[in-house]
Amino acid sequence: MNGSTTARWFGTAAIASIGMIAGGYLLGDGLLRAKEADRSVTVRGLAERDVTADLATWTISYSASSGNLPTAQAKMRRDTETIRAFFAELDFPEDALQPTGANVSSYTNRGVTTYTVRQRIALRTRDIALAQKAVAKQFDLVSRGVLLEEGSGMSYTFTKLNEIKPDMVAEATRDARASAQQFAQDSGARVGAIKSATQGYFSIEARDGSGAGWGQADSPFKKVRVVTTVNFSLD
């Protein structure tokens, strides 16, 4: 191999080496920047709010029994008038009460037939205080001879969820950012922009008592709750 060929060979090798070194540096720097770009933290934010129901519904089930069907039906009509009078005395408007169903059944034992007439009447009102007053006095109906059946209970509902949703989502997001800032402070970083966020579902439960059964639908005092999951970038 002559001198000029050898010089060209070493020159090519040197250029290749420099290229590999530069390429390796750029690749490494790119991976480092990519890794830094992927730095993030995922946290959850909570928002809770106490609210009062704005709708009360009460389905009253009652029955009358007799060995004679017309007699049972007459008793049912008197009970219906008693119920309407009870609510009128509490200043409910007449159209707050609506019949929702009725049925007749019979039972024969040793040749004796007993007829039972059942009826349901529903109260619907947005006057929560008046609804509570009615429930507190429901045994007045029993004392007047109305046989209330199982399932005759007041149910309170909060219907204005859409009005408070935006503020609660914002509050939950602020709570999530506060958690992210604590994490970032502990790790020597700063919280950046939101990379992604997921809103959980809104739950409405009783403010007091258990989460289901007694204390949920029969209480006008509710607690609205939402949890958001937010992914923040870290700078």
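1. Let's start in the middle of the fold. The cover over the buried residues of helix H2 includes strand S2 (55-66), strand S3 (97-109), strand S4 (112-125), helix H3 (128-136) and helix H4 (139-143). Here, cover is judged by contact, meaning heavy atoms within 4.5 Å. Buried means under 20% relative accessible area, exposed means over 50%, and partly exposed lies in between (1.4 Å probe, protein chains only). Helices (H or I, at least four residues) and strands (E, at least two) are DSSP runs, numbered from the N terminus.

2. A word on what you are looking at. This is a predicted model, in which local features need pLDDT of at least 70 and side-chain atom pairs count only at pLDDT 80 or more, while totals for chains, interfaces and linings use all residues. Residues are numbered from 1 along each chain as its sequence is written, and side-chain values use heavy atoms, with hydrogens and water left out.

3. Now the whole protein. There are 5 helices and 9 strands, and along the sequence they follow the pattern α-β-β-α-β-β-α-α-β-β-α-β-β-β. Of the 235 residues, 30% are buried. Among contacts with a separation of 6 or more, 78% are between residues 24 or more positions apart. The accessible surface (Shrake-Rupley method, 1.4 Å probe) comes to about 14,500 Å², and carbon and sulfur atoms hold 54% of that surface.

4. How far apart are the end C-alpha atoms of H2? They are 30 Å apart, which agrees with the 30 Å that its 21 residues (69-89) should span at 1.5 Å a residue. The expected span is 1.5 Å times one less than the number of residues.

5. Which residues of H2 are buried? They are Ala72, Met76, Asp79, Thr80, Thr82, Ile83, Phe86 and Phe87. These residues cover an arc of only 160° around the axis, so they sit on the same side of H2; the arc is that of the directions from the helix axis to the C-beta atoms. On the other side of H2, Arg77, Glu81 and Glu89 are exposed.

6. Just after H2, Asp91 has a positive phi of about 75°.

7. A polar atom of the Ser66 side chain lies 3.1 Å from the backbone nitrogen of Asn68. Leaving aside residues up to four places away in sequence, Ser66 touches Thr71, Ala72, Thr113, Thr114 and Tyr115.

8. The aromatic rings deserve a close look. The structure holds 3 aromatic pairs, where ring centres of Phe, Tyr or Trp (its six-membered ring) lie within 6.5 Å; planes under 30 degrees apart are stacked, over 60 edge-to-face, and the rest tilted. One of them joins Trp58 and Phe87 edge-to-face, at 5.7 Å centre to centre and 80° between the planes. That pair links distant parts of the chain, with Trp58 in strand S2 and Phe87 in helix H2, 29 residues apart. Phe87 also pairs edge-to-face with Phe92, at 5.4 Å and 75°. Both Phe87 and Phe92 are buried, and Trp58 is buried too. Trp58, Phe86, Phe87 and Phe92 form one aromatic cluster.

Key:
A polar contact is a pair of N or O atoms within 3.5 Å; within protein, one must be able to donate a hydrogen and the other to accept it, and residues adjacent in sequence count only if both atoms are side-chain atoms.
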